[in-house]
Amino acid sequence: MRFPRSSGILLHVTSLPAPHGIGDLGQAAYRFVDFLERTGQSIWQVLPLAPPAKGNSPYTAYSAFAGNPLLISLDRLKDDGWLDAADLADAPQFPGDAVDYDSVGPFKASLLKRAFQRFRAADGGEQHDDFSNFCQHNRSWLDDYALFIALTNAHDGADWNQWEPSLVQRHPEALARETQRLQREIDHEKFLQYQFFRQWWALRDYANQRGVRILGDMPIFVAYESADVWSHQPLFHLDAAGRRTAVAGVPPDYFSAAGQLWGNPLYRWDALEQTQYAWWIARIRHAREMCDMLRLDHFRGFEAYWEVPADHTTAIDGRWVQGPGRKLFDEARRQLGDLPLVAEDLGSISPEVHRLRDDLGLPGMRVLQFAFADDTGWYHRPHNFPHHCVVYTGTHDNDTAVGWFQSLSQPQSDGAFRNLEHERRTVLDYTHTDGHEIHWDLIRLALSSTADTAVIPLQDILGLGSQARMNIPGTIEGNWSWRYTADLLTPQVQRRLAELTKNTERRPN
């Protein structure tokens, strides 16, 4: 599926300058949409909106369907009457440039609980009817998810395979008993999901009305400690006790010399095929209800994935195993029609992966930070782009453009320094600049390229250094916390981006 010539910005919702310690679906999100419209952007790319399980990563979530309750706007709950001004009056002074998850989580959880209590005590009304309709429409995933979270909390956060055997194995009488015992907690979780989606759909409608499409992000794998695995165990490589027998990862690559051991349970694609990929089709359908376009993270795993025995501590000794190929996508198109998908085809990519991407007619990704290395840089240089691709200056896994360029002048070892210095000279030669505004040099390169779509991380538009990096793959601490402050979106930044977007003919008509 071809996209019109356009451009957009990559910014996760948590990075918005909202008032309560973390970006949310309130007024700051609407102001960001206004910024996109004024600068001629027609895409807002977000990271997964799911509730993070451990480590705050949106790519490791308690559900592939649910929304993150921390993104619910408390101000919007106040506007709806479920909180009042006094509830928010004593909010702590949170950092403006980062998310302090240890403080934000308990603060928001207490107020979300208060909002639920008021909602529960209210006598009917339009939102109660809407809530009932929401629960009915989403019961295929919401019932299991709400029970799962209630049980997780009742077991002090223990992974589901440590629960009582009757709950691990999902005996109907045990599930019915716990559903009755935890009904209030279950209703609380459903209320949070209702409020998240109510606010999200309102924001998406606002964006669409202003010519901005939402580009969502779908990780291929799901977290082991998720409602998805617990409620669909036959679809994953697990033993009789629910333990993983094989896990996902990637072999050594640009980001990690030892590879990355993700630990996600692997799918039993044979079992999924017998159901006509029902769970995956439901997941894609749900994602389409949330977003206008969808980036498929780790697309290469659909062709072949890196399988590592569950008891290994690194991803080095894994093996490639065939994925579902185009059978999954053919079935999805048969049931859902055309799919506006983007293939994340970075990393260790074989000709077979490119062939699958092209056979499906999906745009792949090109990243300018990869364009200047001696070995594979040619693939990411704009003069080699096909029209049907999405170009980035960098992704959420890269350093910022400024931080990356500065690192090319920082010696690590004699050999590494010589290679980096050569790469730095290549950057300057290719861009015909002295590098003092390398972020704008790369933005101009991306927007002026022949790629149908260009997406720029907001950190690069703002010219921020490595302190604004969103994620360092293979590390746990300090990721996913960066936020921008509203004063950084200056009239000068807005004017410069708008002019460049117009001059490169990416502004929508």
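## A buried asparagine

Asparagine 68 counts as buried because its relative accessibility is 7%, where buried means under 20% relative accessible area, exposed over 50% and partly exposed in between, with a 1.4 Å probe and protein chains only. This residue is found in the loop between strand S2 (43–45) and helix H2 (74–79); helices (H or I, at least four residues) and strands (E, at least two) are DSSP runs, numbered from the N terminus. The model is a predicted one, in which local features need pLDDT of at least 70 and side-chain atom pairs count only at pLDDT 80 or more, while totals for chains, interfaces and linings use all residues. Residues are numbered from 1 along each chain as its sequence is written, and side-chain values use heavy atoms, with hydrogens and water left out.

A polar atom of the side chain of asparagine 68 lies 3.0 Å from the backbone nitrogen of leucine 70. Leaving aside residues up to four places away in sequence, asparagine 68 touches Leu49, Ala50, Pro51, Pro52 and Phe196, contact meaning heavy atoms within 4.5 Å.

## Histidine 12 and its neighbours

Histidine 12 has its place in the loop between strand S1 (6–10) and H1, and with a relative accessibility of 7% it counts as buried. When residues up to four places away in sequence are not counted, histidine 12 touches Val46, Leu47, Pro48, Leu49, Pro58 and Met470.

## Helix H9 and its two partners

Two packed helices are described by the angle between their axes and the distance between the axes. Helix H1 (residues 27–38) packs against helix H9 (residues 183–209) at an angle of about 20°, the axes being 10 Å apart; axes are lines fitted to C-alpha atoms, for helices over the stretch in contact, and angles run from 0 to 180 degrees between N-to-C directions. That angle makes H1 roughly parallel to H9, since angles under 35 degrees count as roughly parallel, over 145 as roughly antiparallel, 65 to 115 as roughly perpendicular and the rest as oblique. On the H1 side the contact involves Ala29, Tyr30, Val33 and Asp34, which meet Gln199, Ala202, Leu203, Tyr206 and Ala207 in H9. By class, this contact of H1 with H9 holds seven nonpolar, one polar and one charged residues, with Ala, Val, Leu, Ile, Met, Phe, Trp, Tyr, Cys and Pro counted as nonpolar, Asp, Glu, Lys and Arg as charged, and the others, Gly among them, as polar.

Helix H8 (residues 172–181) and H9 pack at an angle of about 80°, with their axes 5 Å apart, and the two helices are therefore roughly perpendicular to each other. Thr179, Gln180 and Arg181 of H8 make this contact with Gln183, Glu185 and Ile186 of H9, and the residues divide into one nonpolar, three polar and two charged.

## Alanine 174 within H8

Alanine 174 is found in helix H8 and, at 1% relative accessibility, counts as buried. Not counting residues up to four places away in sequence, alanine 174 touches Ser166 and Leu167. From C-alpha to C-alpha, alanine 174 and glutamate 164 are 9.4 Å apart in space and 10 residues apart in sequence.

Valine 367, found in strand S10 (residues 364–367), is buried, with a relative accessible area of 0%. Apart from residues up to four places away in sequence, valine 367 touches Leu346, His380, Tyr392, Thr393, Gly394, Thr395 and Asn398. The C-alpha atoms of valine 367 and leucine 167 are separated by 45 Å, and these two residues are 200 residues apart along the chain.

Helix H18 (residues 438–447) is mostly covered, with nine of its 10 residues buried. The buried residues of H18 are Ile438, His439, Trp440, Asp441, Leu442, Ile443, Leu445, Ala446 and Leu447.

## Positive phi in two loops

Most residues other than glycine have a negative phi, and most peptide bonds are trans. Histidine 298, although not a glycine, has a positive phi of about 55°; this histidine lies in the loop between strand S6 (293–297) and helix H13 (300–303) and is buried, with a relative accessible area of 7%. Tryptophan 480, also not a glycine, has a positive phi of about 65°; this tryptophan lies in the loop between helix H19 (458–461) and helix H20 (491–503) and is buried, with a relative accessible area of 6%.

Methods: A polar contact is a pair of N or O atoms within 3.5 Å; within protein, one must be able to donate a hydrogen and the other to accept it, and residues adjacent in sequence count only if both atoms are side-chain atoms.
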